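Colleague: I would like to learn how to read a model like this. Please show me one feature at a time.

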Amino acid sequence: MGLSRFFSLASNDLAIDLGTVNTVVSVRGKGIVLNEPSVVAIETIDGVSRTRAIGAEAKLMLGKTPDTIRTIRPMRDGVIADIDIAEQMIKHFIDKAHGGPSRMPRRPAIAICIPASATMVERRAIKQATFSAGAGRVLLIEESMAAAIGAGLPVTEPIGAMVVDIGGGTTEVAVLSLRGLAYSNSVRVGDDRMDEAIASGIRRRHNLMIGEATAERIKVEIGSAIAPSDSSGRSLRVKGRDLLHGVPAEITVNEEEIAGFLADLVGQIVEAVLSALEKTEPELAADIFDRGIVMTGGGSLLARLDQVLSDATGLPVIVAEDALTCVARGAGLALEDPAYRGVMTEF
Ligand SMILES: Nc1ncnc2c1ncn2[C@@H]1O[C@H](COP(=O)(O)OP(=O)(O)OP(=O)(O)O)[C@@H](O)[C@H]1O
Ligand SMILES: [Mg+2]
């Protein structure tokens, strides 16, 4: 294949970060054009199912649907869990990113991000779903590589860089150098597990059942990797269903107890980073010592996680700018800029 053709891609080409929680799309020459929850709502009436909503609109229905509507998250642990629904969702987002199906002059080339831990079977499923959704060509890029490019790290140079991407499904730890992954490890610990830990902690301690969306809101508003050292902790009123009386109820939770519910998961993320550092070649480790660790993904926004990771490793830890869109921006750059030639694979 001529490399010049490879990079002379027209402007409807796009890069997709198909995340467990959010799908972010970047269009060549335009940047991020779409950022929506990876959620699909399906309605079944008299045995006939149809898609009721996709993305932001579907997320609003999470946990609030009548029996006839199911909300589905087709991605789990960073890979496709429900192929048909995933394909519909990808197609919908591609059309929306292009401003409607009719405006597509030709089938676009699509760069799609995959976690390093995805198996060959899972890679093939993502590739197939993307072709079926309308792609003319599919290029796969490792999520960590895209995150590093999006964060502006020197991935094409012989300089070691460490990226920790914490998403809904997984935490990916990678060391990159010279357009490749020198080390990568993925642990199935991410934001979804944090939300679950908050919900189960509140159920145990307060006998209150809360929904997924409420647990997420608690994490974003007062969640932290470690409780504040002074008594400045914030608190929050939360509503749910009282387990003893079966009625709606409201309680107050504080930052300290939420940090306690998250401690085990934060510990697992720290462990994954420490084990990556242990396995890194000395020359690359020296670079990481100088440059520190870059975090991306929604999970990196958890309060004081950077501080906890920095204390555990003795290294500077930086949260990338626009951590939630970093992977899609990086994949978009990889698609546009010939300097990144070789970081993607075409099937
Ligand atoms: N300020 C914040 N503090 C803590 N968590 C946050 C914050 N903002 C967003 N998040 C969390 O980030 C998560 C989504 O992160 P992200 O979009 O990076 O995941 P993803 O890419 O879809 O998942 P994956 O990469 O595992 O497939 C959500 O669970 C959300 O609650
Ligand atoms: Mg992600």
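Modeller: Start with secondary structure: the protein chain has eleven helices and 19 strands. Helices (H or I, at least four residues) and strands (E, at least two) are DSSP runs, numbered from the N terminus. This is a predicted model, where local features need pLDDT of at least 70, side-chain atom pairs count only at pLDDT 80 or more, and totals for chains, interfaces and linings use all residues. Side-chain values use heavy atoms, without hydrogens and water, and residues are numbered from 1 along each chain as its sequence is written.

Colleague: What is the radius of gyration of the protein chain?

Modeller: The radius is taken over C-alpha atoms, and the globule rule is 2.2 Å times the number of residues to the power 0.38. For 347 residues a compact globule would come near 20 Å; the protein chain has 21 Å, so the two agree. The C-alpha trace spans about 70 × 60 × 30 Å along its principal axes.

Colleague: How many of the residues count as buried?

Modeller: Buried means under 20% relative accessible area, exposed over 50%, partly exposed in between (1.4 Å probe, protein chains only). Here 51% of the 347 residues are buried.

Colleague: How many disulfides are there?

Modeller: A disulfide is a covalent bond between the sulfur atoms of two cysteines. The test is a pair of cysteine sulfur atoms within 2.5 Å. The count here is zero. Cysteine 113 is in no disulfide, and its nearest cysteine sulfur, that of cysteine 326, is 11 Å away.

Colleague: Is cysteine 113 buried or exposed?

Modeller: Cysteine 113 counts as buried because its relative accessibility is 2%. Cysteine 326 is buried too, at 0%.

Note on methods
Chains lettered and ligands numbered in written order.
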